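Subject: Structure for you to look at

Hello,

Please find the structure below.

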Amino acid sequence: MVVNNPNNWHWVDKNCLPWSKTYFDEKLVKLSAQNDDSKVTITEVSSVEGDVDVSQRKGKVISLFDVRLVLVFQGSTAEDNSVLGSITIPELTYDTEEDELVFNITVYNETSKNYPIVDLIKKKLVPQLRQILSQFGPDLIETNSRDIQIEADKVTSTFTKASQTQAAEKKAQETKQAESTKNNETTKLETKATSETKKPKEAPSSSSSSSYSSSDVAHAPKYNTTTLHLEPEFNTSAEQIYRTLLDEPRIAAWTRSYPIIDAFPPKEGSEFKFFSGSVQGKILKLVPNEQIVQLWRLDDWKAGHYAELNMRLIQGSGETKLVTRFTGIPIGEEERVKDNFEEMYIRSIKIPFGFGAVL
């Protein structure tokens, strides 16, 4: 309940980005689809970037949100090919219509044998995602408006009551229109179904546990935080990128400074400092040529606050994708971290080692 907001008259804002992350985890993780040849499951919401706010004034509640989502999926084909990849929704906003949502599908280990997964995602998984994401706005207001308004029976202002009545009537009209549209669509589908041969129901796909789950890091947060997801490619092997990110002489070459890090291969639990201490942290997990997980911070963040940097190396036929996920970035620092990582890590590694074109 809002403190010191008589009659729900004043402007009150609530940052709902943390709530949104939990919402998307609950609604999207383990969502699956399958056909006779393939199956696919969402294993993780890798990134939720942007702004989500619920506000109220004069008894009216509105939501303003603009977020970018990255989902990680895992699947398999008839030939038992394991497939990993991501689905990026570049823009989910308060005024986005369901049919306007865009889904960019990336298969990390893409081959001709894995292509059926993309077709399955487009035909059976994307419709499910559209339906869930279109419900985000109404659920956002329904849940979070309780925290920014006092109960209706405690409102005494005639102005506020009139405003709330108007808003309620508008909402009821929109709900009625939505139900009418839904009923019409249901009737059409039922009519179509009766004219077609019935097919046996598909068995639900089993959910596989994510290989991308982040470490349980015990450190007290100092900020409200968000996430960041990047997928740069390097024209070299996973082994070369792994060593370049951890080997002291190589790090010195792309940071152009003397790094502090254990001799290669460093041990889990060891600390590091790059760029004369501007970047510092601790190595949490190492899987040779496959994964690097670190506590990571910029030196001007509040003492004790770390993000988690999870870098997974996906070897392709002639290139390596570095699937990069930051969690725990202070809100407002997303662009700075993204720009610095792309410039000081990705670009700086490509130039001296010739690991790819620099745009």
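Where is P265 found? P265 is in the loop between helix 6 and strand 9. Helices (H or I, at least four residues) and strands (E, at least two) are DSSP runs, numbered from the N terminus. Before going further, note that this is a predicted model, in which local features need pLDDT of at least 70, side-chain atom pairs count only at pLDDT 80 or more, and totals for chains, interfaces and linings use all residues. Residues are numbered from 1 along each chain as its sequence is written, and side-chain values use heavy atoms, with hydrogens and water left out.

The loop between helix 6 and strand 9

P265 is joined to F264 by a cis peptide bond, with omega at about -5 degrees. R256 is found in this loop too. R256 has a positive phi of about 55 degrees, although R256 is not a glycine. With a relative accessible area of 75%, R256 is exposed. Here buried means under 20% relative accessible area, exposed means over 50%, and partly exposed is in between (1.4 Å probe, protein chains only).

K30 also has a positive phi without being glycine, near 80 degrees. K30 lies in the loop between helix 1 and strand 2 (32–34), and K30 counts as exposed at 58% relative accessibility.

Aromatic rings

There are 17 aromatic pairs in the structure. Rings of Phe, Tyr and Trp (its six-membered ring) pair if their centres lie within 6.5 Å; planes under 30 degrees apart count as stacked, over 60 as edge-to-face and the rest as tilted. Why is the pair of Y242 and F264 edge-to-face? The planes of the two rings are at 80 degrees, with the centres 6.3 Å apart, so the pair falls in that class. This pair links distant parts of the chain: Y242 belongs to helix 5 (residues 238–246) and F264 to the loop between helix 6 (248–255) and strand 9 (271–274), 22 residues apart. Y242 is buried at 5% relative accessible area, whereas F264 is partly exposed at 25%.

F353 and F355 make a stacked pair, 5.5 Å centre to centre and with 20 degrees between the planes. F353 is partly exposed, at 24% relative accessible area, and F355 is buried, at 7%.

Ring pairs also link W254, F272, F274, F275, W296, W301, F326, F341 and Y345 into a cluster.

Two charged side chains sit over rings. This is counted if NZ of Lys or CZ of Arg is within 6 Å of the ring centre and within 35 degrees of the ring normal. The charged end of R297 is over the ring of Y306, 5.6 Å from its centre. K350 lies over the face of F234, at 5.6 Å from the ring centre.

Helix 7

Helix 7 (residues 334–353) has 20 residues and should span 28 Å at 1.5 Å a residue; the end C-alpha atoms are 27 Å apart, which agrees. The expected span is 1.5 Å times one less than the number of residues. Helix 7 has a kink of about 30 degrees, centred on R347. The bend at a residue is the angle between axes fitted to the seven residues ending there and the seven starting there. Among the buried residues of helix 7 are F341, Y345 and K350. Just after the helix, G354 takes a positive phi of about 65 degrees.

Is strand 5 (residues 82–93) largely enclosed or open? Nine of its twelve residues are buried, so strand 5 is largely enclosed by the rest of the structure. Two strands pair if DSSP finds at least two bridges between them. Strand 5 pairs with strand 4 (residues 60–76) in the antiparallel sense over ten bridges, and L71 has I87 in strand 5 as its bridge partner. Strand 5 also runs antiparallel to strand 6 (residues 104–107), joined by four bridges; T88 stands opposite N104 in strand 6.

A nonpolar core is a set of buried Ala, Val, Leu, Ile, Met, Phe, Trp, Tyr and Cys residues joined through side-chain atoms within 4.5 Å. The largest one has 36 residues, of which F24, F73, I87, L92, L125 and L133 touch the most other members. Helix 2 (115–134) is one of the elements giving two or more residues to this core, and its nine residues are the largest share.

Regards
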